[in-house]
Amino acid sequence: MSTADWPLFEVFIRSRHGLSHKHVGSVHAVDATNALENARELYTRRNEGTSIWVVPSNTITASAPEQKDALFTSPVDKIYRHPSFYELPAAVDKM
Amino acid sequence: MYAQMVETGVKTVKDRSEMGAEEQAFMARIDEESKIEPQDWMPDAYRKTLVRQISQHAHSEIIGMQPEGNWLTRAPTIKRKLQLAAKIQDECGHGQYLYSAAETLGVGRDELLDQLHTGKAKYSSIFNYPTLNWADMGAVGWLVDGAAIVNQVILQRTSYGPYSRAMVRICKEESFHQRQGYEILLTMMEKGTQAQKDMVQDAINRLWWPSLMMFGPNDDSSPNTAQSLEWKIKRKTNDELRQMFIDQTIPQLEVLGCTAPDPDLKWNEATGHYDFGEINWEEFFNVIKGNGPCNKQRLAKKVNAHEQGAWVREAAMAHATKQQAKAAAKVA
Ligand SMILES: [Fe+2]
Ligand SMILES: [Fe+2]
């Protein structure tokens with residue numbers, strides 16, 4: 001009874017002009033053109049977007065959860081990267 | 001609730017001291033309300049429970065198109081027909097969002113569909129009742145979607161990220177469903193003939209109890225609830241959700257000028273909630289087991305649609321493969 005799944009595509013939508021595309025979910029489709037059609041039908045039935053990207057899911061490389069500390073904790077001790085690190089006189093502190 | 005009896009495979013909730021380091025870290029994240037994402041470590045039973053719950057939920061959305069599809073060609077006006085078609089299309093979309101979320105747990109969609117088609121997977125008992133008159137379209141939108149909303153609003157806070165995000169998306173679309181249903185009933189009650197008003201009351205009489213059953217068994221006969229709450233897959237018990245639904249629905253029932261088929265239904269000043277009568281659990285378990293009025297018909301229709309559509313799926317895939325070969329030949 002089962003037929004093999006069509007390839008999976010991740011869907012990204014730009015909701016308004018000036019905003020970045022944002023991941024909204026995935027669709028199965030035979031190819032990229034068909035993925036766009038399916039994404040349109042599934043994710044933009046109510047003016048949710050002005051542009052759609054589809055990307056084959058198997059082409060995405062993701063960071064592993066185990067790498068979380070190595071990748072993301074170092075900036076925590078680099079507080080000098082934040083503007084609040086620099087103490088300025090009140091007269092110029094709006095800078 | 002669209003997933004009524006989700007097996008966790010767990011007999012008793014484990015004490016934290018019995019857990020290994022990985023599981024303790026996992027539970028700490030659950031406790032601090034951080035979402036679990038697909039690549040994160042999770043207990044096997046958590047993953048399996050989620051697959052069961054999300055796919056049951058997805059199957060319910062998909063099978064749920066049938067009772068309403070039944071009236072699509074007989075809607076009284078073109079406006080009602082368009083509204084109903086839009087709602088049914090949304091439900092199909094909800095099924096897709098949910099299958100998508102389930103797939104992030106490492107199951108294939110064909111596998112999930114197979115489980116539905118072979119009767120291994122369940123869907124909500126409510127969709128095994130027939131829709132006998134046009135007022136049923138109103139009552140389904142108002143009561144069935146209304147009950148689903150109570151469940152789904154809470155599930156936006158479920159601990160698994162993709163499930164929670166699917167719920168947020170679904171909740172944005174549900175309010176239209178409930179309002180269009182209620183408006184159907186209101187129009188019939190305000191402008192209808194006596195016969196049409198009687199149809200409204202008849203629809204409520206038939207769908208009232210099955211709607212209450214959507215939330216699943218009573219808490220004391222729901223052994224999996226404790227574990228699901230501990231994992232924050234569920235955020236409230238079946239009885240809590242059912243009570244919320246009843247409390248918010250009775251005032252709406254009164255605006256319609258209709259009654260519920262429950263002689264025990266009355267406001268309880270002391271508790272601040274409505275008291276209500278005992279659900280016919282024998283009927284509930286019977287429908288769950290596959291012996292409801294429409295179980296066989298619903299499943300047969302779904303299987304038939306899948307099988308009859310096979311050539312379309314195959315043709316589309318063959319076309320795509322040919323196009324890719326052509327494109328590759330051009331490059332070479
Ligand atoms: Fe839905
Ligand atoms: Fe709905």
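This is a predicted model: local features need pLDDT of at least 70, side-chain atom pairs count only at pLDDT 80 or more; totals for chains, interfaces and linings use all residues.

Modeller: A charge sits over a ring if NZ of Lys or CZ of Arg is within 6 Å of the ring centre and within 35 degrees of the ring normal. Residues are numbered from 1 along each chain as its sequence is written, chains are lettered from A and ligands numbered from 1 in the order in which they are written, and side-chain values use heavy atoms, with hydrogens and water left out.

Colleague: Over which ring does the charged end of B:Arg74 sit?

Modeller: The charged end of B:Arg74 is placed 4.3 Å from the centre of the ring in question. That ring belongs to B:Trp71.

Colleague: How many aromatic pairs are there over all chains?

Modeller: Rings of Phe, Tyr and Trp (its six-membered ring) pair if their centres lie within 6.5 Å; planes under 30 degrees apart count as stacked, over 60 as edge-to-face and the rest as tilted. By this rule, the count over all chains is twelve.

Colleague: What is the angle between the planes of A:Tyr80 and A:Phe85?

Modeller: The two rings lie 6.4 Å apart, centre to centre. Their pair is edge-to-face, with an angle between the planes of 75°.

Colleague: Is B:Phe284 buried or exposed?

Modeller: Buried means under 20% relative accessible area, exposed over 50%, and partly exposed in between (1.4 Å probe, protein chains only). The relative accessible area of B:Phe284 is 0%, so the residue is buried.
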